[in-house]
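The entries follow in the order in which I made them.

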Amino acid sequence: MENNEKSNSGNDSEQPWQSYHTVYTNAKAGMEGVDKEKVQRIVYEMSKGSKYFENEEKKEAYMKQKIESIRAQQAKLTDSDISHYQKIADRKIVELEATRDLSRTWLHVDMDAFYAAVETLASPSLKGKPMAVGGMSMISTANYEARKFGVRAAMPGFIARKLCPELIFVPVDFKKYTYYSGLTRKVFQEYDPNFMAASLDEAYLDITNFCSEKGMTAEEVAEELRESVNKETGLTCSAGVGPNRLLAKVCSDINKPNGQFVLPNERMAVMTFISSLPIRKIGGIGKVTENILKDVFGIATCEEMLQKSSLICALFSRSSADFFLSVGLGLGGTDTPQVTKRKSMSNERTFSSTKDEALLHQKLVDLAENLSADMKKEGLCGKTLTLKLKTSCFEVRTRAVTLPNYICSSKDILKHATKLLKAELPVSLRLMGLRMSHFSEGIAIDPKQKTLSNFIVTEEGSERGPEDQELLESNINGDTHGRRESIDLVDAYQMQDLDHIDYRHDHNDAEAVGSSDLQIDDLKDNVDNHDMIEESSLGLEARVIRFNDYEPGSSLNVREPVVWLNDYQCSVCGIELPPSFVEERQEHFDFHLAERLQEEESSNNASILKPRQRVIQNDQMNQSRQRKKQKASPSQGKHIPIDMFFAKTNQNF
Ligand code: TTP
Ligand code: MG
């Protein structure tokens, strides 16, 4: 349970890798005995001089700057400010304590080395040998043998190979994992019919009823469930049990692989557990938050959140402070999120620019069919149809029609979509999308159909719109109560949550995937936003994914920036990174971003971003900053393999 990042010594001229912190040196289960310094050095040496490296340095500098600014705010607090905020904090703690619910028993189950284990099942000769699923550019996971060498998920394969020369690579086969995930879910269903799947290999189960009906302890249920999963799939999993989901998740990691840990439903047990729990173990507390809390406030364990409660209340926004204090109390979600009604459903495709009307019509046919199929799956009929277009100049247009009747057939959708498109012709397009909204009243979503968006539950119990994204831009707020600045981390988490909602189906705004593109000039901003975004466990708890949403071979252009398709899959390279892998996603995003920069530098600048495009894009950007952080500029440059991206910038490729 220890954090593996060393703090910045400041004197790193001889061993510069010691202050080079990447996600690769963070431990996952099975990496306890790893020589972290060696891993750090290899990652450093292999990436030094690359754009990735530069980007890491920028992020590091940004974080330091942020830490200094919070430190400065703290220095301005007077004694009377502190005692004022102490009163606020004490009251808040009493309020939060009153919400403690020890009546439910939650179990979090997480498959062991999931993809790797599935591959080993298919090829038993892999057993006992270090292997990774993925390729030279990126690996999805590694088995426990490989982890001993420091090889881990989301690491470029060529670095992994350097760490472990005998590493065997097995290509990703998502269909296989989906199949096995389905088998595990059949088992979960028996213990909690309303279980919440958090990713392909993870789920939360409320086993309260099961325990009481069967007269079994949580310990016994966890044992039995793990055995059933093993019997059904041939795979092992680990389980954690606790009075809420936040704690259950932490617990499932404790005895990995093939183990379990049960935290009793008693306040004292929870508080003892929390007293030594490193803050980084909490979903939602990533590198940036951890560094701020540690460096500025000296908070390393969850319990210390309570000890520094006045500073937390003085310097953080209310929602962030609430989150930190509830972590200090070991509180987490205990209820099963309510199903909310879907507001819209959408579908879009990016393609090489074309003005060929027959081709555009064919795209529309496909979109209408897909949208209709998706709507039928959920028994929906809608009234408002919106056509979204992105021209080859990156101008985004939306055209909508509200019909007198509800429709759901592909024929009807196509008929109205065609009219909308015709009004725009002739036009050269690179993206088309169709969205249906205004669904007929009374048609609720089948609660068993656990689409991610069905379970968006925010603190206020309401869905947030894209306008909330604006908050990301200003997550340091002025404060009206004598606070100098309040840092709103939790809002940012929730935005992130919404930002990863099933992109294929469910964007409520017109600016969905790739709708405006990140300028190189925006890189800093983008990094800034990402640095502030670390997913909240509050949000994660509400996240449920319909795993069969995955659509391999989507027609997204590989030159598009990273978006997480179906909340899972990188639109650029296809790697799957569940939403809870916040840091890995950050790294992965930066990786592609830097790859693009490298690419653009190495090709003819003029052909990459024409001045006119830049103006239009910037303009577009100003109009729709909501989704800015996931967008990248287009490029005509040749594709550089990701390992080349790591090559030193002075190499000519
Ligand atoms: P994890 O549960 O984090 O990892 P794991 O199951 O491989 O290993 P363990 O739980 O025993 O620590 O992730 C589940 C699967 O998700 C993993 O097998 C592959 C995929 N994944 C990625 O594709 N990219 C990633 O960065 C991570 C962390 C996981
Ligand atoms: Mg797992």
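Before looking at any pair of helices I wrote down the handedness rule: a crossing is left-handed if the near helix is turned anticlockwise from the far one by less than a right angle, and right-handed if clockwise. Helices (H or I, at least four residues) and strands (E, at least two) are DSSP runs, numbered from the N terminus.

**Conventions.** This is a predicted model, in which local features need pLDDT of at least 70 and side-chain atom pairs count only at pLDDT 80 or more, while totals for chains, interfaces and linings use all residues. Residues are numbered from 1 along each chain as its sequence is written, chains are lettered from A and ligands numbered from 1 in the order in which they are written, and side-chain values use heavy atoms, with hydrogens and water left out.

**Overall.** I found 25 helices and 16 strands in the protein. I took buried as under 20% relative accessible area, exposed as over 50% and partly exposed as in between (1.4 Å probe, protein chains only). On that scale 60% of the 653 residues count as buried. Contact means heavy atoms within 4.5 Å. Of the contacts between residues at least 6 apart in sequence, 73% join residues at least 24 apart.

**H3 against H15.** I fitted axes as lines to C-alpha atoms, for helices over the stretch in contact, and angles run from 0 to 180 degrees between N-to-C directions. The axes of H3 and H15 cross at roughly 60° and come within 10 Å. Angles under 35 degrees count as roughly parallel, over 145 as roughly antiparallel, 65 to 115 as roughly perpendicular and the rest as oblique. H3 and H15 are therefore oblique to each other. Their crossing is right-handed. H3 brings Ala89, Lys92, Ile93 and Leu96 to the contact, and H15 brings Asp322, Leu325 and Ser326. I sorted these residues with Ala, Val, Leu, Ile, Met, Phe, Trp, Tyr, Cys and Pro as nonpolar, Asp, Glu, Lys and Arg as charged, and the others, Gly among them, as polar. The H3 and H15 contact comes out as four nonpolar, one polar and two charged.

**H10 against H11.** What is the angle between H10 and H11? H10 and H11 pack at about 55°, with their axes 12 Å apart. That makes H10 oblique to H11. H10 passes H11 in a left-handed crossing. Leu247, Val250 and Cys251 of H10 meet Val270, Phe273 and Ile274 of H11. I counted six nonpolar residues in the contact of H10 with H11, no polar and no charged.

**Cores.** A nonpolar core is a set of buried Ala, Val, Leu, Ile, Met, Phe, Trp, Tyr and Cys residues joined through side-chain atoms within 4.5 Å. The largest one has 44 residues, and Ile282, Ile292, Leu293, Phe297, Met305, Phe316 and Phe324 have the most contacts inside it. Helices that each supply at least two residues of this core include H2 (51-75), H3 (79-98), H12 (287-297) and H15 (318-328). A second, separate core has 39 residues, among them Phe114, Tyr144, Val229 and Ala239.

I then listed the neighbours of Phe297. Not counting residues up to four places away in sequence, Phe297 touches Ile70, Gln74, Ile292, Lys308, Leu311, Leu315 and Phe316.

**Ala321.** Ala321 is in helix H15. Ala321 is buried, at 4% relative accessible area. Leaving aside neighbours within four places in sequence, Ala321 is in contact with Ile312, Cys313 and Phe316. I also noted 8.1 Å between the C-alpha atoms of Ala321 and Ser309, which are 12 residues apart along the chain.

**Lys388.** Is Lys388 buried or exposed? Lys388 is buried, with a relative accessible area of 4%. Lys388 belongs to strand S10 (residues 382-391). C-alpha to C-alpha, Lys388 and Leu434 are 6.1 Å apart in space and 46 residues apart in sequence.

**Cis peptide bonds.** The bond from Lys256 to Pro257 is cis, with omega near -10°, and Pro257 is found in the loop between H10 and strand S8 (260-262). The bond from Leu425 to Pro426 is also cis, with omega near -5°. Pro426 lies in the loop between helix H17 (410-422) and strand S12 (429-439).

**Positive phi.** Ala113 is not a glycine, yet has a positive phi of about 35°. Ala113 lies in the loop between strand S1 (106-111) and helix H4 (114-122), and counts as buried at 9% relative accessibility. His438, in strand S12, has phi near 55°.
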